[in-house]
Amino acid sequence: SFFGWVPRWATVVSIVLVLILAGGGAVAAASNSMPGNPLYSVKLATEEVQLTLTPSDIGKAELCAKLADKRVAEIIYIADKGNARKVEVITQRLDKHLVMLARLALATKVGGAPKALAPTPAPSEETWGDRDVYAQANNRAKLRITVARYAVNHPFALRAVLKTVPESMKPALLKAIAVSEVGYEKALKALD
């Protein structure tokens, strides 16, 4: 009877593996999808799961910056398609990511001041417990550089598209530019 059970067990394991691989393939395919694509909702759901499962505030802030970058690319893509309503919806998502980024950046401060951003010596055995502080300071500095780059590049890219779209698209793009500028300004202030 033991050998009769193994094939059923192997079948169940095979089915589970196929489902996992197929699901992983769908998630991978969805990662580059744009609004209007059938897999776009899978992409958004995957991003929410990533945010939920990211353990640290600094990690979540880094992910919010990446997601804001994706939203700007989507706004540009949809603006070229001429759909002002979808640009407005994606702009709301961009705003959500930038607000969360600023809030998380504030949460990574200690006592109202940023965790040590100046170069510090490598931790000794006595200060080994402080290594997380060093790592977080380094991550904050890297995040600050990324956010500063996006703060310049994103409004610039949106303004470039503004010159090529029909008049009906311009109000939605102007709103996206304003959201981008204000959101990045707040995020940079929180990272200072």
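What is the handedness of the crossing of helix 3 and helix 4? In this predicted model, in which residues are numbered from 1 along each chain as its sequence is written, the crossing of these two helices is left-handed; a crossing is given this label if the near helix is turned anticlockwise from the far one by less than a right angle, and is right-handed if clockwise. Local features need pLDDT of at least 70 and side-chain atom pairs count only at pLDDT 80 or more, whereas totals for chains, interfaces and linings use all residues, and side-chain values use heavy atoms, with hydrogens and water left out.

The protein chain contains 6 helices and 0 strands, and from the N terminus on its elements follow the order α-α-α-α-α-α. Helices (H or I, at least four residues) and strands (E, at least two) are DSSP runs, numbered from the N terminus. Of the 192 residues in the protein chain, 32% are buried, where buried means under 20% relative accessible area, exposed over 50% and partly exposed in between (1.4 Å probe, protein chains only). Contact is defined as heavy atoms within 4.5 Å. Among contacts between residues at least 6 apart in sequence, 69% join residues at least 24 apart.

Helix 3 and helix 4 pack with their axes 8 Å apart and at an angle of about 160°. Axes are lines fitted to C-alpha atoms, for helices over the stretch in contact, and angles run from 0 to 180 degrees between N-to-C directions. The two helices are therefore roughly antiparallel to each other; angles under 35 degrees count as roughly parallel, over 145 as roughly antiparallel, 65 to 115 as roughly perpendicular and the rest as oblique. The contact of helix 3 with helix 4 comprises 17 nonpolar, 2 polar and 6 charged residues. In this classification, Ala, Val, Leu, Ile, Met, Phe, Trp, Tyr, Cys and Pro count as nonpolar, Asp, Glu, Lys and Arg as charged, and the others, Gly among them, as polar.

Helix 3 (residues 57–81) also packs against helix 6 (residues 170–191), at an angle of about 165° and with the axes 11 Å apart. That angle makes helix 3 roughly antiparallel to helix 6. Helix 3 passes helix 6 in a left-handed crossing. Ala68, Asp69, Ile75 and Ala79 of helix 3 make this contact with Leu173, Ala176 and Tyr184 of helix 6. By class, the residues of the contact are 6 nonpolar, no polar and 1 charged.

For helix 2 and helix 4, the axes come within 14 Å and cross at roughly 10°. These two helices are therefore roughly parallel to each other. On the side of helix 2, Tyr40, Leu44, Glu48 and Leu51 meet Ile90, Arg93, Lys96 and Met100 in helix 4. This contact of helix 2 with helix 4 has 5 nonpolar, no polar and 3 charged residues.

The largest nonpolar core holds 41 residues, of which Ile75, Leu101, Leu143, Val147 and Leu173 touch the most other members. A nonpolar core is a set of buried Ala, Val, Leu, Ile, Met, Phe, Trp, Tyr and Cys residues joined through side-chain atoms within 4.5 Å. Two or more residues of this core are given by each of helix 2 (40–53), helix 3, helix 4 (84–107), helix 5 (131–162) and helix 6. Helix 3 provides the largest share, 11 residues. In soluble globular proteins, nonpolar side chains tend to be buried together. With neighbours within four places in sequence left aside, Leu101 is in contact with Ala61, Cys64, Ala65, Leu143, Val147 and Ala187.

Val72 is located in helix 3 and counts as buried, at 3% relative accessibility. Residues up to four places away in sequence not being counted, Val72 touches Leu94, His154 and Leu158. Val72 and His154 lie 82 residues apart in sequence, with a C-alpha to C-alpha separation of 6.7 Å. Ile76 is likewise placed in helix 3, and beyond its neighbours within four places in sequence it is in contact with Ala157, Leu158 and Val161. The C-alpha atoms of Ile76 and Ala157 are separated by 8.0 Å, the residues being 81 apart along the chain.

Pro155 is found in helix 5 and is buried, with a relative accessible area of 3%. Excluding residues up to four places away in sequence, Pro155 touches Tyr150, Ser180 and Glu181. Between Pro155 and Ala176, which are 21 residues apart along the chain, the C-alpha atoms are separated by 8.3 Å.
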